[in-house]
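Keep the sequence and the coordinates open side by side. The walk below goes from charged pairs to a strand and its partners, then to aromatic rings.

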Amino acid sequence: MENSEGVKIESTVVTEEPLISALDIALFVVIITVAYFWYFKRDKQSSSSEKKPYTIQPSSLSSIEQTSNSPFIKKLKSTGRSLVVFYGSQTGTAEEFAGRIAKEGARYKMKGMVADPEECDMADLVEMKEIQKSLAIFCIATYGEGDPTDNAMDFYEWLQNGDADLEGLNYAVFGLGNKTYEHYNEIAIYIDQRLEELGATRVHEIGLGDDDANIEDDFVSWKEKLWESVCSHYGIEETGEESNIRQYKLVDCSEVLPERIFSGEISRLKSYENQRFPFDVKNPYLSKIAVNRELHKSGDRSCMHIEFDIDGSKMRYDTGDHVAVYPKNSSELVDKIGELLNADLDAVFSLLNTDEESSKKHPFPCPCTYRTALTYYLDITSNPRTHIMKELIEYASDPKDQEKLKLMASSTPEGKKEFHEWILRDNRNIVHILEDLPSVKPDLDHLCELLPRLQCRYYSISSSPKVYPKSIHITAVLVNYTTPTNRVNKGVATNLLAQLLPTNDELPQPTIPIYIRRSQFRLPPKSQTPIIMIGPGTGLAPFRGFIQERDYARKGGREIGEMVLYFGCRKKDEDFIYENESQEYVANGTLTKLHLAFSRDQPEKKYVTHLLEQNADELWNIIGEKSGHLYVCGDARSMAKDVHSIIVKVVMEKGQMTNSQALNYVKKMEQQKRYSADVWS
């Protein structure tokens with residue numbers, strides 16, 4: 001008879017056979033062979049994975065030959081380039097700045113390339129010295145609470161843990177930050193100092209861009225002085241050649257099959273039709289809108305409570321996380337661009353990088369229609385930067401329009417003033433510019449190359465997964481405002497969300513792409529730890545999740561610590577969001593105290609900061625005597641700073657400390673994650 005694998009099995013023993021048959025020997029040889037290859041393959045992989053670029057091997061000929069296969073070094077050497085610009089970018093601005101620097105390198109006989117540190121073996125910076133007159137520039141953003149951007153994390157950790165000899169590496173650093181945050185440009189400053197510690201030569205002093213003021217102005221001013229330093233350091237002169245060279249070339253894709261054309265997907269073609277877990281920044285989940293209701297009771301403003309359905313997605317979130325929402329531009333603005341430029345928005349095209357060595361072949365998913373690019377991929381509502389003004393000059397047929405663009409593109413005091421007033425103060429986007437300078441008619445494909453990518457919008461999650469495991473809640477204020485030119489600007493994401501209203505069960509529900517971004521904004525590990533939450537307006541959002549989670553624990557029989565909430569809004573009868581919920585939590589004992597400030601319900605304005613000062617004893621009792629946690633969510637520019645000052649003052653007075661001691665105490669709270677902020681500017 002035969003078993004299921006077709007191997008014959010004798011039912012009885014008829015004759016004596018050797019202890020080890022030929023079949024046994026054959027099976028033994030197969031097993032040994034498989035084990036041999038498995039062992040050595042595993043050993044090779046393990047050895048490879050252990051060789052993280054934290055240390056640099058001696059630069060012998062053999063080691064150089066091995067490492068020269070790394071992408072950026074190989075490309076530099078094989079293409080005769082001497083300039084590489086790395087970027088650490090979360091929203092695309094640092095990447096944009098890096099591209100502008102690399103492009104301008106041609107004016108100084110330095111052929112450049114842009115590189116993503118996440119895609120490079122940064123240990124190979126040691127080989128930069130082998131390239132004559134080489135230069136590495138780093139455009140690095142600081143993200144969150146003094147963190148590196150996602151794509152710069154490995155490089156940052158390599159610098160922290162490594163001891164590479166970078167002597168001979170010439171470098172410069174430009175940081176992108178925001179002064180309203182405590183850790184202003186912390187990552188860029190660290191990288192600048194650490195490179196010097198490892199022996200590299202700083203060609204130009206670090207530039208610190210402030211996004212709370214005018215980061216474009218900061219960048220342009222630093223860039224001009226950078227090239228002066230480069231010329232001095234290398235003994236070179238500017239060629240005088242303009243750098244208005246196209247980075248991408250237009251490809252007609254009218255013959256491409258419809259199933260090969262992108263229609264709004266972030267990365268993978270047809271990803272919204274064929275969803276695949278895991279979901280992230282490049283692969284968002286197309287979520288149904290389960291609930292969309294108004295939270296304001298009256299008034300001319302709107303605040304929405306929205307619930308995203310994640311049932312069946314395998315997505316998991318923690319209380320305090322953020323959800324990223326991918327918006328799209330309004331069809332009205334998109335159609336306006338087509339009308340102003342007399343362009344066929346439904347023509348299918350592709351933009352292909354003229355640099356064949358670049359890892360970035362297209363500026364956005366291609367091929368697609370112009371309508372798709374302007375709707376899903378390009379930012380047409382923000383204020384364009386000066387380099388776009390410069391590129392538009394050649395398309396102006398009216399001398400007056402041409403001179404205006406030249407002035408705004410220049411770095412003269414008059415030019416900076418004009419750009420600040422006409423673009424920033426008057427809040428003009430590219431549509432407004434094309435309307436107000438009617439002779440400017442850029443090629444649409446060139447405009448698509450120039451405009452920055454449309455970025456996702458982040459919202460604090462206002463629910464707990466313990467209570468709502470199959471949905472994600474957000475609390476969002478509808479953004480609409482009138483500009484000085486009497487135009488109405490609308491928030492891209494919130495105005496889209498306002499239109500996505502759930503229908504009855506018989507009709508398809510509206511959807512929107514989302515993914516979850518992890519946060520450090522977390523409840524204490526022990527449910528008994530007392531906490532204070534300060535969240536005026538939509539700053540209440542994450543605390544709604546905190547309260548839900550503690551309430552869930554209480555109902556489950558667990559002991560919970562004190563929960564004190566400070567909430568403020570304009571008027572109690574107008575914009576007191578989640579009022580009934582909050583009062584219920586007070587009634588059942590989950591919320592120990594609810595301190596309310598309604599700024600416009602009395603002659604003198606009253607804010608949560610006033611209440612904090614009044615309740616100094618309670619504040620110190622929780623954060624000082626009981627080692628509780630304090631959380632702040634909301635406006636970083638004023639509210640969060642005022643809260644910080646009050647906390648320091650209370651620690652001084654109630655803790656009987658000097659100003660220096662109080663500052664150190666609060667700093668230690670932050671380090672211990674007992675003082676956390678989820679703020680925006």
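Start at E435, which counts as partly exposed because its relative accessibility is 31%. Bear in mind that this is a predicted model.

The side chain of E435 meets that of K336 in a salt bridge, at 3.9 Å from N to O. E435 belongs to helix α13 (residues 430-436) and K336 to helix α8, so the pair ties together parts that are 99 residues apart in sequence. The cut-off here is 4 Å between a side-chain nitrogen and a carboxyl oxygen. K336 is partly exposed, with a relative accessible area of 25%.

K336 has another partner. It forms a salt bridge with E339, with the closest N and O atoms 3.7 Å apart. This pair is local: K336 and E339 are 3 residues apart in helix α8 (residues 331-340), about one helical turn. E339 counts as exposed, at 56% relative accessibility.

Now widen the view. K336, E339 and E435 are part of a network of salt bridges that also links R425, D426, R428, D436 and R487. R428 has a further contact: it lies over the face of W422, at 3.9 Å from the ring centre. R517 lies over the face of Y458 in turn, at 3.6 Å from the ring centre.

The count for the structure comes to 42 salt bridges. One of them joins R637 and D212, whose closest N and O atoms are 2.4 Å apart. R637 sits in the loop between β22 (629-635) and α21 (639-654), and D212 in the loop between β7 (207-210) and α7, so the pair ties together parts that are 425 residues apart in sequence. R637 counts as partly exposed at 42% relative accessibility. D212 is partly exposed as well, with a relative accessible area of 28%.

Next, the strand β3. How many of the residues in strand β3 (residues 135-143) are buried? The answer is 9 of 9. In a regular strand, side chains alternate between the two faces of the sheet. In β3 both faces are covered: L135, I137, C139, A141 and Y143 are buried on one side, and A136, F138, I140 and T142 on the other.

Which strands pair with β3? Strand β1 (residues 83-88) runs parallel to β3 and is joined to it by 6 bridges. G88 has I140 in β3 as its bridge partner. Strand β5 (residues 170-177) also pairs with β3 in the parallel sense, over 6 bridges. There, A136 stands opposite Y171 in β5. Strand β4 (residues 147-148) runs antiparallel to β3, with 2 bridges between them. Y143 has D147 in β4 as its bridge partner. The hairpin of β3 and β4 has 3 residues between the strands, and G144 there takes a positive phi near 65 degrees.

Across the whole structure, a search finds 25 aromatic pairs. Y108 and W227 are stacked, because their ring centres are 4.4 Å apart and their planes lie at 10 degrees. The pair links distant parts of the chain, 119 residues apart: Y108 is in the loop between α4 (93-104) and β2 (112-115), and W227 is in helix α7 (residues 215-234). Both Y108 and W227 are buried.

W620 and Y665 form a tilted pair, at 5.8 Å centre to centre and 45 degrees between the planes. W620 lies in helix α20 (residues 616-625) and Y665 in helix α22 (residues 659-671), so parts 45 residues apart in sequence are tied together. W620 counts as buried, at 12% relative accessibility.

Key. Residues are numbered from 1 along each chain as its sequence is written. This is a predicted model: local features need pLDDT of at least 70, side-chain atom pairs count only at pLDDT 80 or more; totals for chains, interfaces and linings use all residues. Side-chain values use heavy atoms; hydrogens and water are left out. Rings of Phe, Tyr and Trp (its six-membered ring) pair if their centres lie within 6.5 Å; planes under 30 degrees apart count as stacked, over 60 as edge-to-face and the rest as tilted. Helices (H or I, at least four residues) and strands (E, at least two) are DSSP runs, numbered from the N terminus. Buried means under 20% relative accessible area, exposed over 50%, partly exposed in between (1.4 Å probe, protein chains only). A charge sits over a ring if NZ of Lys or CZ of Arg is within 6 Å of the ring centre and within 35 degrees of the ring normal. Two strands pair if DSSP finds at least two bridges between them.
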